[in-house]
Amino acid sequence: MSYVGEKTLTALPSLLSLDSQPGPAKLSSTSKLGNLIRGITELTSKHEEEKLIQRELESIKEQVSSPNTSMRQMKELMVRAIYCESLGYEASFVYIHAIKLAQQGTALEKRVGYLAVSLFLNESHELLLLLVNTVLKDLQSTNLIEVCMALTVVSQIFPKEMIPAILPLVEEKLNHPKEIIRRKAVLALYKFYLIAPNQVQHIHNKFRKALCDKDPGVMTASLHIYLQMIQENPEGYKDLTGSFVNILKQVVGGKLPIDFNYHSVPAPWLQIHLLRILSFLGKNDLRTSELIYEVLDESLRRAEMNRNITYAILYECVKCIYTIHPKSNLLEKAAKCIGNFVLSPDINLKYLGLKALTYVIQQDPKMALQHQMTIIECLDHPDLIIKRETLELLFRITNAQNVVVIVEKMLEFLQNSPDDYTTIDLVGKVAELAEKYAPDNEWFIETMNTVFSLGGDTMQPDIPNSFLKLLSEGFDSVEEDRKLRLFAVDSYVSLLQGETRKLPQCFLQVISWVLGEYSHLSEDHNRSTVLRLLEKLLDMKQTSSETKCWILMAMTKLCEGTAGVCVAQQVSETYISSMDTVLRQRAQELQHLSQDSELREEVLPRDSGLDPMEIDSSLSFLDEFVSGALAAGAAPYKPPHQRQEELAEAKVLSLEPYGLALPISMSSCSITDRHSPTPLSMSSGLSGDSTDVSHRAGLKLDGVQRVWGRDGYLAKKESVEEAAPVQGLTPVHSPSLQNEGDGSHSQTPTPTPTPEPDREKEQLASSLFFGVSSQSSVCLMGKPDSTFNRRRKAKVQAPGVTEQLSSSVAPVSNAVDNLLCNNLQDSNINSVSAASSKQTCELSPRVPAANGTCNTDCGLPESDRKRSNLSISRDNGLVDADSALSEDQGSRSDLCPSSYLPAELCGLYRSEIAPLCTAHSLELSACHVHQGDDMILIIFISNSSDSQVLQIRLDLKSEQLKVTCVSDSSVENIKSHTVAVYQYSLAVKRPGVDVEVDGTLSFLLPAGTPQTKHFSYKLPLTAFIRPLLISTEEYGTMWLGFSHEVKQNLTLVDDGCEPLTFTLNLLKNRLQLHLVEIIGLEGILACRLLQNQPCLMHCRVHAGALAVWLRSPVPELPDCLVYHCQRVLQEK
Amino acid sequence: MMRFLLLFSRQGKLRLQKWFTPISEREKKKIIRDMTNMVLARQPRSCNFLDWKDLKIIYKRYASLYFCLAIENQENELLALEIIHRYVELLDKYFGNVCELDIIFNFEKAYFILDEFIIGGEVQETSKQIVNRSIEASDMLQETMEEYMSKPAF
């Protein structure tokens, strides 16, 4: 292509003298644009250029707004405007004219109009809405070129909200006779899929048709969509593996038309696309992988020419081979390929070789040994990108033995790191390695010091956080902890004694925290020395006010003795009038403390460092305030996602049918209510678990030791012992690696070829690759590692804190339900049978036993279920808790409602019979029975008096439930000492966390006076949840279709080995969900709300918590369900 | 997926810019500046790939013109290099021995060709013939219009 340059020179004079060169290119050099361009190249200064362009823009502006300008002139003006914009001058006044041109011009002008639009505007530009009509018109045009242009612009920029307007037309184009139109339509749909997947999920079968299109171009285009979809959900498309393999076979076999060849390689883009798709499909799936092996082998064999493009294919093959289920002969070939890459003199190939190695090493650490000398050479490569990639590779093979050398290399690179992005990335990696594998305290602290000073204030904030956490939590041995802290203190004091001006703020913050916390450990430095050093920092003008706060906090902890108090008072004087309120606050505190030694003793006792401190994470101290506010008419709290949803509902054009809109009503209130706290007196009793240890989150304040998570730490000694035995370079596979590779790795490891380069490199190699092959797996890749280092362990614990905090809402809400329920019902229920009052007393000693017992029961779905489980397990139908209770209440035993249960419902899963209310001699009680997919509510009215009760009427109504009476005979009179039974079938109209039925009982007393009585029965939503038996594939398609979703992090219940499986099974059993599948760290569950409203749940273990994501077509359902999940897990 | 394609001269003058994802004007200016600085500073015979933030920059020089393509990290770098090459081939076929001046004076044509070859950051059509045929089809219109224009109509 060097001829381009020559031609540039030779063509220059003739071009400038503007004559009649043939070809499509030359005409415009004579035009106004040509003049403009030439004018600009003749200019010498930026200033002149600016002036010229301004003049040009002025003239364009004048002409475009003139009514006499024809479309053809407009086109020419538009090109000039594009040119000006591309030079960086704004010409926004032409945007609207670009749209006009696309609208009104003939084909040629239209094309320039569309081009200008796609260059000027971006997806969110408001003018784009004006384009929709034009696109619509052009899509319907009979002129193919116009249709093409419209499709092209649609797949470049199109407002997301307007997709539904043109979607049918684009879909229609999939059947167009012209392949170019079909191809462009597929690509437009791909674009839609990327920006709004929900909009196109109904046309998935049309994608399949495109995949089978007779034109290879259309088929290729459809692969973009498939790659995307398969990447998101490989399970859903396993059935297509065969087709993809077939296509690839045909391509590799040269069955495509010759013009798809690129430098005589058949359709390389298509090949690579297919290889990528296949690697997603075959990942962790032996059966699918088996289908792929043959074609991979074929591809490797065919791609043996020395061309860039064949290397590209080979590289993709290698990646695929190492991604899918391993097969030994392919792995061998792939390894050879990688060798060719790495050893290639072509620097691009070398780079790719390193990249492939980095990828491969996760599965096969011995590959690193084979190429160790090359790796060492690359480490000193003049090209930074090669060096960087090598470090990346080393990062993957780091272990406790080579960490010192590798970290040193990384820090060396960091010293002259080119940009912030690399620095942030590498600093994070060094910190990770240091925490994971630090050989000793000194090294750890020193490395972290370098990290902090190099990383500066750009680095991720979690690095200093986890470092401080690590220091404060410590490890198993108290002595070790003390040494580590002491070393840190010493090292910081000496740092502060030197030059401090260059230290980044976040390092200063770390230093001041550590000094404040632990400087008492050091005998060499007394507190006043440290205080002086800190004071010096305060005086530095670079110190930010945030850092100053940290320093003042540290001083607060250190202020002691006359010298200390003196310094403290001096400092607080200075800052007490600061403009920064936080700083002022700290200064105030410091002043108070320094003046009052008794207070100091009390607040900061000398040896309190190790005492755990607990906080009430349920924030119950705010309960009174909130309930007061609620009573005064404040709106109840809504969780952010609901607020957003409502906002979105309000703002966006609704394209869904009206029926689906979220009703904002009672039920949504009941969802939100649970987030509002409750008066302390109530919650303390009911939500007993809120003060349970598991819900205590450590106070994230300085100087406080956390209580949880101590067990499970590995002693340092153990890890050293385990790692120590393997020495030298010879790779020795530990058994676990062989198991992992499923035999494919079991071929005898070839002895490492050790060439004879200079000794220095060899030494480096031996230090770098020390212990590489001995590791059973590379820790980074998340495989379980028995030699998990202590520091890492400490870090792993970290996410738990946030989880604990975030999930702590539940105990409060737990109580709220009961409370609200109680409050509401207090007036309605006068007295109640003592049946369950004992239980109530246990739960809430302060609730008067006679009040609201039934509600308490119903409000606690888990205990409710537990009890019903109990009753089921205890009997085979009839004898249950009630009979036990009835012994206590001998006089009533003859009216025990359970014995009146309709025969057909006996033996079915049912809740305990709960008393509803009493009125004179009548006692109402109720239970719900699961009869297949029906939920039956049974109400018992027992008459314990000696006289008959007449004209009994029972009316049930509910906002949330549909209640239908199923009892055949309407009982009107109840004789003395008998029980009447009413049956109702319930169906959920609108889900809430709990659903409630309100009832009115009216009857005539023997005296003839009419009486009415209100009651209510509440049952948890979980009673209406049933497993939904679907396959993973069905799950995949359903998932896309549901619009209402909720995401939340829940506690992961750990039973010791498989927390995910355990937790999901727990949820499955307790909430009656269907566990569809567990794949690695993810699991999916499905359930339906009776009768047929599905809800899907996707769970993923993330940072020690269970990230759940629920979707359903019913607006409130996910929210309610996540609430119940939370309760199940918390109860556990 | 590709993120953007920039063409600039050895002097750092931007000749063509195509953004496949929405980016603010300010960000664009910054990227252009970063790219020209980074790429022009490269030694000859060094690697054609660069790291930039979370993207990979693939660049190649053809005569006085630098082609600079940003791709996502998991993409195939070598293939991206071939994408650049194919684009050059397409330009060459259309203009017949393409040179920088062709692209300067007929940048809109270069855009049209690009739009036929890459769309929304993905390769749309890899067959040289087909791309050219569709460009020519639209150009047929152009030719007749140009003829029409050359008449002294105004």
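Colleague: Where do Phe107(B) and Tyr111(B) lie?

Modeller: They both sit in helix α4 (residues 107-117) of chain B, 4 residues apart, which is about one turn of the helix. Helices here are DSSP runs of H or I with at least four residues, strands are runs of E with at least two, and numbering goes from the N terminus.

Colleague: Buried or exposed, Phe107(B) and Tyr111(B)?

Modeller: Phe107(B) is buried, and Tyr111(B) is too. Buried is under 20% relative accessible area, exposed is over 50%, and partly exposed is in between, using a 1.4 Å probe and protein chains only.

Colleague: Before we go on, what are the ground rules?

Modeller: This is a predicted model, where local features need pLDDT of at least 70 and side-chain atom pairs count only at pLDDT 80 or more, while totals for chains, interfaces and linings use all residues. Residues are numbered from 1 along each chain as its sequence is written, chains are lettered from A and ligands numbered from 1 in the order in which they are written, and side-chain values use heavy atoms, with hydrogens and water left out.

Colleague: How many aromatic pairs over all chains?

Modeller: The count is 22. Rings of Phe, Tyr and Trp (its six-membered ring) pair if their centres lie within 6.5 Å; planes under 30 degrees apart are stacked, over 60 edge-to-face, and the rest tilted. Tyr311(A) and Phe341(A) are edge-to-face, because their ring centres are 5.5 Å apart and their planes are at 65°.

Colleague: And where in the chain are Tyr311(A) and Phe341(A)?

Modeller: That pair links distant parts: Tyr311(A) is in helix α17 (residues 308-323) of chain A and Phe341(A) in helix α18 (residues 328-343) of chain A, 30 residues apart. Tyr311(A) and Phe341(A) are buried. Back on chain B, the rings of Phe107(B) and Tyr111(B) have centres 6.3 Å apart and planes at 90°, so they are edge-to-face.

Colleague: Which residues do ring pairs link into a cluster?

Modeller: Phe444(A), Phe452(A), Phe467(A), Tyr492(A) and Phe507(A).

Colleague: Switching topic: how many residues does each chain put into the contact?

Modeller: Chain A gives 75 residues and chain B gives 77, with contact meaning heavy atoms within 4.5 Å. The area buried between them is about 7000 Å², and carbon and sulfur atoms give 61% of that. Buried area is the accessible area (1.4 Å probe) that two parts lose on being put together, summed over both.

Colleague: How many salt bridges across the interface?

Modeller: The rule finds 4 between chain A and chain B, each a side-chain nitrogen of Lys or Arg within 4 Å of a carboxyl oxygen of Asp or Glu. There's one between Glu116(B) and Lys184(A), at 3.2 Å, N to O.
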